[in-house]
Amino acid sequence: FADDTKQMCNNINRYSHQVLANVLAVWSLHRNSSGKDDPSCWVQAHPVQVLTLMRLLEFERGNPFSQLVEVPTGEGKSVILGVLATIYALMGYDVSCICYSKYLSERDYEDFLPVFTSFGVAKQILYSTISAMCGNIIDSQGCVRTLTKEFITNGSLPSGPTSHNKRKVKRALLIDEVDVFFGDDFYGQTYNPAVLLQNETTFRMMQYVWRNRASLTAQDAYSSDEFEDLCQRYPDWKKLFQGAVLQMFEDAQNCLDHEPTVHNGRIGYALHGDISLTTQYGYKTAFAYFHYHESAEITEEVLKSNTGITVHCGSFSYAVIPKSFDVIMGVSGTLQTLTAVEKKIIQSYGIGKVAIAPSMYGKSQRNWVPDRDTVVIQDYEQWFVRIMQNTQRKANNKQSVIIFFETKEILNKFV
């Protein structure tokens with residue numbers, strides 16, 4: 001069955017509906033939890049999901065084209081993307097499915113893994129956050145961090161396999177919520193991999209700067225025994241280390257910028273809806289380890305394993321990396337609210353068509369009237385009281401309530 005489906009993908013223009021039916025049938029089979037053999041008892045894709053997939057499987061002159069479809073939140077985007085990923089992998093593509101959340105990405109991948117495995121395409125499909133995807137692409141010819149460290153330490157790069165004879169594989173990018181393209185931590189930002197030179201020599205240099213951060217000058221640091229030892233170990237990189245020490249002065253004073261937290265015994269930062277343990281902010285991250293070591297939240301072993309001289313490997317624009325894909329598809333709940341600038345950004349990725357899928361649940365029953373449903377209260381205390389009164393009234397009616405505040409400061413005042 002899987003081989004027949006893959007064979008049909010060689011003529012996807014003719015057999016796209018049959019391929020879609022086959023993949024949805026396998027998905028339905030894996031989702032069957034009724035314990036009955038009767039297909040009428042199985043979970044089936046909603047007609048709106050099928051229509052959306054048929055739209056995304058349209059072709060122009062025999063080739064797929066980049067497009068987006070608006071699917072309301074909570075109406076099965078993960079199923080659409082999972083089926084689409086399976087079909088594109090059967091067509092011979094390497095598929096990257098990106099989401100703003102690591103948790104959601106891992107959950108959706110695990111949900112569809114039985115389908116991927118059934119069709120033998122699990123190795124061709126990667127679910128990840130945007131930052132993880134960028135790292136995978138940049139490291140596709142070799143880990144850039146490892147290569148940089150090798151060059152600094154030995155003055156040369158290891159020989160590796162050549163890629164000019166390697167067959168080029170087509171790549172498809174699937175997007176879960178197009179909003180990920182417009183966030184402050186993506187568009188206009190760069191992916192900045194770095195490597196740490198870690199040994200007793202680099203640790204003593206960092207320790208010297210941290211202990212003397214209140215009064216240290218550049219000349220003091222350059223004349224120190226710790227700096228001399230560093231230059232003897234890496235004789236060709238004195239200028240690099242001089243620049244590094246200058247950066248240490250400032251970062252040691254501002255090591256708590258970007259709100260570092262201790263997560264599983266390591267320093268982490270909020271990034272793309274998750275806590276990243278690999279993100280580095282110059283030497284601020286290294287000195288954050290020293291800071292939390294002094295408060296006994298970080299062990300000395302962890303401190304030494306996560307501090308050292310930082311060597312930046314380069315800067316790679318997040319916004320440019322998606323352009324390396326052959327086709328970009330996506331589902332999102334907010335396409336109708338895109339601004340003119342956001343639409344222009346979308347078009348820059350070659351996405352020329354946008355469609356709006358109807359809701360599974362028919363016409364919206366939402367009945368919001370601004371003049372009736374919006375209240376402006378000048379006094380903070382009265383505002384909090386009104387929120388509590390409204391919350392209690394809805395709770396008494398057995399309704400669920402979620403309260404959103406603009407900032408953590410306001411939330412803390414309310415609590």
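Author: Helix α8 passes helix α12 in a right-handed crossing; a crossing is right-handed if the near helix is turned clockwise from the far one by less than a right angle, and left-handed if anticlockwise. The two helices pack at an angle of about 70°, with their axes 11 Å apart. Axes here are lines fitted to C-alpha atoms, for helices over the stretch in contact, and angles run from 0 to 180 degrees between N-to-C directions. α8 and α12 are therefore roughly perpendicular to each other, a term that covers 65 to 115 degrees, whereas under 35 counts as roughly parallel, over 145 as roughly antiparallel and the rest as oblique. On the side of α8 the contact is made by F203, M206, Q207, V209 and W210, and on the side of α12 by A286, F287, F290, H291 and E294. Contact means heavy atoms within 4.5 Å.

The model is predicted: local features need pLDDT of at least 70, side-chain atom pairs count only at pLDDT 80 or more, and totals for chains, interfaces and linings use all residues. Residues are numbered from 1 along each chain as its sequence is written, and side-chain values use heavy atoms, with hydrogens and water left out. Helices (H or I, at least four residues) and strands (E, at least two) are DSSP runs, numbered from the N terminus.

α12 itself spans residues 284-294, and eight of its eleven residues are buried, so the helix is largely enclosed by the rest of the structure. Buried means under 20% relative accessible area, exposed over 50%, and partly exposed in between, with a 1.4 Å probe and protein chains only. The buried residues of α12 are K284, T285, A286, F287, A288, Y289, F290 and Y292. Besides α8 (200-211), they pack against α11, α13 (300-305) and the strands β9 (261-263) and β10 (266-271). Just after the helix, A296 takes a positive phi of about 65°.

An α-helix has 3.6 residues a turn, so residues three or four places apart point the same way. After α7 comes G155, whose phi is positive, near 75°.

Strand β12 holds T310, which is buried, with a relative accessible area of 9%. Leaving aside neighbours within four places in sequence, T310 is in contact with A194, V195, L196, G282 and Y283. T310 and A244 are 66 residues apart along the chain, yet their C-alpha atoms are separated by 7.6 Å.

Elsewhere, six strands form an open sheet in the order β5-β4-β6-β14-β3-β15, with parallel pairing; two strands pair if DSSP finds at least two bridges between them. β5 (125-128) and β15 stand at the edges, each with a single partner strand, so one side of each is left without a neighbour in the sheet. Direction ignored, neighbouring strands of this sheet are turned by 15° against each other on average. β4 (residues 94-98) and β6 (residues 171-176) are joined by five bridges, and S96 stands opposite L173 in β6.

Within the sheet, β3 (residues 67-70) is covered on both faces, with Q67 and V69 buried on one side and L68 and E70 on the other. Four bridges pair β3 with β14 (residues 327-332) in the parallel sense, where V69 stands opposite V331. β3 also runs parallel to β15, again through four bridges, and L68 has V354 as its bridge partner there.

S364 is partly exposed, at a relative accessible area of 47%. By contrast, D108 in helix α5 (residues 102-118) counts as buried at 7% relative accessibility. Apart from neighbours within four places in sequence, D108 is in contact with S78, Y127 and D176.
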